[in-house]
Amino acid sequence: MRIYWIKAQAPRRVLALVKHLGIDAELIEKDLMAGELKAADYAALNPNCKAPTLVDGDRVLWESSAIMAYLCIKHGSDLWPAHSPDEQIDVLRWLSWNDCHWANAVAPFYFEHVVKSTFGLGPPNLELLKAETAGLIRFARVLDAHLANRRYVACGRLTIADFQLASMATYWRESDMPLDAFANILRWLDDLMRIPAWADPWPSETRPLTEVAVAAG
């Protein structure tokens with residue numbers, strides 16, 4: 001099994017799962033700035049030219065949620081509830097909510113503060129973020145209320161939904177996301193950081209790259 005990755009939010013959740021489950025895989029870091037994601041051999045695997053991408057025998061997968069579900073099924077982990085349709089629905093709801101609402105709400109802050117800093121694209125556009133604040137607060141209220149009596153997002157335990165929703169929000173301080181008033185979200189994020197694989201998902205031997213914060217599959 002090979003997993004191609006860069007230091008970005010989508011590969012982060014896949015690598016965290018790999019480390020958390022103790023999966024034996026060849027983890028291949030690609031150099032985004034050198035254009036390796038657009039190289040012909042990589043584009044043949046992932047036509048989106050993004051990361052992560054998993055290759056396991058004849059199976060090639062991209063999109064981090066699909067990769068995480070596949071890894072859980074293959075290694076018998078209930079972080080993806082393969083044998084419980086009701087729990088699958090619960091996880092899918094939050095994966096969908098993330099991709100349609102939460103990720104769109106947190107991404108501008110992540111981009112303006114983290115991506116721009118990483119690539120030297122200038123200072124954050126604070127005026128733009130003022131316009132995005134209401135949207136983030138709207139969906140933060142939904143998540144915070146849901147987490148009021150819950151430690152995890154779905155199924156009463158850690159699932160891939162937690163890794164999916166937390167991947168950009170983990171950087172809320174660096175991104176100046178207005179989440180200070182949402183105690184349940186902050187508690188949830190702090191709890192996830194107590195999971196060693198989530199706190200440090202990266203392979204021990206990596207290229208000396210600055211964290212690349214891009215919108216990746």
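**Main core.** I am working from a predicted model. I looked up the largest nonpolar core and found 58 residues in it. The members that touch the most others are Leu71, Trp102, Leu143, Ile160 and Trp188. I then listed the elements giving two or more residues to this core: helices H1 (9-21), H3 (64-74), H4 (85-119), H5 (126-146), H6 (160-169) and H7 (183-192). H4 supplies the largest share, 11 residues.

**Leu143.** I took Leu143 next and left out residues up to four places away in sequence.

**Second core.** I noted a separate core of 8 residues, with Ala8, Ile28, Leu37 and Tyr42 among them.

**H7.** I checked how covered H7 is and found 7 of its 10 residues buried. The buried ones are Asn184, Ile185, Leu186, Trp188, Leu189, Asp191 and Leu192.

**Cysteines.** How many disulfides are there? I count 0. For Cys100, the nearest cysteine sulfur belongs to Cys155 and is 19 Å away. A disulfide needs sulfur atoms within 2.5 Å, and Cys100 is in none. Cys100 counts as exposed because its relative accessibility is 51%. Cys155 is in no disulfide either, and its nearest cysteine sulfur, that of Cys72, is 11 Å away. I recorded Cys155 as buried, at 18% relative accessible area.

How values were computed. Residues numbered from 1 in each chain as written. Predicted model: local features only at pLDDT ≥ 70, side-chain atom pairs only at ≥ 80, totals over all residues. Heavy atoms only, no water. Core = buried A, V, L, I, M, F, W, Y, C linked by side-chain atoms within 4.5 Å. Buried < 20%, exposed > 50% of the residue type's maximum accessible area, 1.4 Å probe, protein only. Helix = DSSP H or I, 4+ residues; strand = E, 2+ residues; numbered from the N terminus. Contact = heavy atoms within 4.5 Å.
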